[in-house]
Amino acid sequence: MSAYKGILIIAEQYLGEIHKVSYELLNKGKQLAEELGVSLNCLLLAPEGVDSAQLNYRGAETVYHMKSDVFSLPEEVLFKENIVGFINEKKPEVVLIGATNFGRSVAPRVAAALKTGLTADCTDLTIDEEGRLVQIRPAFSDNLFAHIKTIRNPQMATVRYKEFKEAEKNECLCKNVIEVPLICKANGKSVIEKMVSLGDVDITEAQVIVAGGRGIKKKEDIELLEGLAQVIGGRVAVSRALVDAGMASSAQQVGYSGNRVKPKVYIACGISGAPQHLAGMKESGLIIAVNSDPSAPIFKIADYGFVGDLYEVVPELTKQWSRG
Amino acid sequence: MNILVLIKEVPDMEKVRFDSDSGRVDRSSAAAELNPFDENALQAALDIKDGRDDIVVTALTMGPLGAAKSLKDAYARGADQGVLLTDRNFGGADTYATAETLAAAIVKLGGYDLILCGEKSVDGDTAQVGAEVAEVLNLPHAYYVEEILQLTENKVQVVIENLCGQKQYRTMELPALLSVTKNISRPKLPVLDRKLESLEIELQTLSLRDLDISEAEVGLRGSPTKVSKIVIPEEAKKEGSLYRGDSKEFIIVVSEELSNRGIIAR
């Protein structure tokens, strides 16, 4: 067991841009590394042109850059083969991966190939008195938190996006990027034919969200929400009900089976607040709710609630705020 | 063509109670049911089958004897057969030990072209078992599959909802494992005569001694992760302000709050 040492962050990149979850992992990783008295390093699988030194400026002592164009197409077996080869050589005691869609898809393959454990979707990580990683994660649809330890090495976890602050950028830190060779160049059993932009619907990065639920009667009425979102620089999101009704795309869905969001302001219009929906947005900074049913559960977690018709209140808010 | 659907029995999350003092899930408080995400995986398999005799849909679950109920549910919905993987030694398995056990059962059953599973379970909530099974069996896999575009004797073409911020079109060699989202299908309710029939059917049962895997590799013993503590938070409740009637006051207060936060101009 003692042969395993150090903390390794698997950095993630989307179309050549380093994903912010990597900076968040570096922040938490730094804390853990200091506590353990070990080094914090990063593995980046990315094509030429990705600014790998950014990971140094956010706290990685060494960035290992596996450089190849094949990594511009996310395919799990290809990434897994290369990550596993690297881990077997460097033997880190802790491996952290962002719980993004790709992270959640590739991490289990890496862990299974290494015959070690993996804790999914952690919201916190600490070190116990024996120097082992305590992995804290929600389960049972966010109703409980489990504290989990891994008895094998490496100890692996995926970590929720936006759970930790990004490590601050410090350009005084040493640039220390080492290029490492590829172990595997392709997975012949899986061919990616094309990737299509999802368009301008990413709600996970929005600071302000205006969301609609069952209270929206027809597709055209989503324009009401769009009008409001526009005047306050927000994005429109929906509950599962509107996706099922064919009124919105699942990329816009907030909830347990959709996106988890954490905007500064969340305005829920005609959303009753089923547990599945609340699981996706309850950590928003400020929650404002409009619903005609005074007993709607959304009001239990709202900072400001109004019992009334969204068809009256939403246009009023839009009018009020467009004056500013 | 043989399609295997991995299903799991979970407590009804609308009813299950949690005790924040003892940190326990009161499983007796709610009936067990088929994991809602698995209904979509099963329906996706049934949509492919579409009544054809040359496509056989098998539901496989690991669990206590009582989990036969979910296999019968799968049969009632249209699956051709069900396999129950059950053994005292399988208890307490984490995702890795579960995947090793399921993979051993899949090898034992043999001859599968396509393995489907739901996006995640509503209790464990890890979404890990599918990819771990694929790794143990050395199969290609895709997660977040929203559509199966084409399925031939040796290939499957899928649309992945969102991978690295993009919709992805991918073709994989069979056998392959797909984890599907809720958008892939609209689960249908079982029809009555099939439901009645399901009460009578024989399910295949597999236990540890039927599999090429040792006692040390399954259940709690075979699990590299251990739960050291469960914490059940008190139900979150905010001291929010609720307005009704005239919206004027509500609008004034909310506007004030948003301008304080720099969202709207004063």
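In chain A of this predicted model, strand E14, which covers residues 208–212, runs parallel to E15(A) and is joined to that strand by four bridges. Within this pair, Ala211(A) stands opposite Ala237(A), a residue of E15(A).

**The sheet that holds this pair**

- These two strands belong to an open sheet of six strands with parallel pairing, and the order across the sheet is E15(A)-E14(A)-E16(A)-E17(A)-E18(A)-E15(B).
- The edges are formed by strand E15 (235–238) of chain A and strand E15 (241–244) of chain B, each of which pairs on one side only.
- If direction is ignored, neighbouring strands of this sheet are turned by 20° against each other on average.

**Chain A as a whole**

- Chain A contains nine helices and 18 strands, and the domain assignment divides the chain into domain 1 (7–180) and domain 2 (208–322).
- The centres of domain 1 and domain 2 of chain A, taken over C-alpha atoms, are separated by 34 Å.
- Along the principal axes, the C-alpha atoms of chain A fill a box of roughly 65 × 45 × 40 Å.
- How does the radius of gyration of chain A stand against that of a compact globule with 324 residues? Such a globule would have a value near 20 Å, and chain A has 22 Å, which agrees.
- Of the 324 residues of chain A, 55% count as buried.

**Where the two chains meet**

- The contact between the chains takes 70 residues from chain A and 68 residues from chain B.
- On the side of chain B that touches chain A, several elements supply at least two residues each, including helix H3 (95–109), helix H4 (129–137), strand E9 (141–151) and helix H6 (248–260) of chain B.
- The largest share of that side of chain B is the eight residues that come from E11(B).
- Sorted by class, the side of chain B that touches chain A has 34 nonpolar, 17 polar and 17 charged residues.
- E11(B) also pairs with strand E13 (residues 190–197) of chain A, in the antiparallel sense and over seven bridges.
- In this pairing between the chains, Met195(A) has Gln168(B) of E11(B) as its bridge partner.

**A covered strand in chain B**

- Strand E8 (residues 114–118) of chain B is mostly covered, since five of its five residues are buried.
- In a regular strand the side chains alternate between the two faces of the sheet.
- In E8(B), Leu114(B), Leu116(B) and Gly118(B) point one way while Ile115(B) and Cys117(B) point the other way, and all of these residues are buried.
- E8(B) pairs in the parallel sense with strand E1 (residues 2–7) of chain B over four bridges, and there Leu4(B) stands opposite Ile115(B).
- E8(B) also runs parallel to E12(B), to which five bridges join E8(B), and in this pair Cys117(B) stands opposite Ser179(B).

**Backbone details to look for**

- Most residues other than glycine have a negative phi, and most peptide bonds are trans.
- A cis peptide bond, with omega about -5°, joins Asn153(A) and Pro154(A), and Pro154(A) lies in the loop between strand E10 (144–150) and strand E11 (155–159) of chain A.
- In chain B, Leu174(B) and Pro175(B) are joined by a cis peptide bond with omega about -5°, and Pro175(B) is found in the loop between E11 and strand E12 (176–180) of chain B.
- Tyr144(B), which lies in strand E9 of chain B, is not a glycine but has a positive phi near 55°.
- Is Tyr144(B) buried or exposed? With 24 other C-beta atoms within 10 Å, Tyr144(B) is buried, because a residue counts as buried at 20 or more.
- Cys164(B) has a positive phi of about 55° although it is not a glycine, and this residue is found in the loop between E10 and E11 of chain B.
- Cys164(B) is buried too, with 20 other C-beta atoms within 10 Å.

How values were computed:
Residues are numbered from 1 along each chain as its sequence is written. Chains are lettered from A and ligands numbered from 1 in the order in which they are written. This is a predicted model: local features need pLDDT of at least 70, side-chain atom pairs count only at pLDDT 80 or more; totals for chains, interfaces and linings use all residues. Two strands pair if DSSP finds at least two bridges between them. Axes are lines fitted to C-alpha atoms, for helices over the stretch in contact, and angles run from 0 to 180 degrees between N-to-C directions. Domain bounds come from an automatic or database domain assignment. Two residues are in contact if their C-beta atoms, placed from the backbone, lie within 7 Å. Ala, Val, Leu, Ile, Met, Phe, Trp, Tyr, Cys and Pro count as nonpolar, Asp, Glu, Lys and Arg as charged, and the others, Gly among them, as polar. A residue is buried if 20 or more other C-beta atoms lie within 10 Å of its own, exposed if 12 or fewer, and partly exposed in between; C-beta atoms are placed from the backbone. The radius of gyration is taken over C-alpha atoms; the globule rule is 2.2 Å times the number of residues to the power 0.38.
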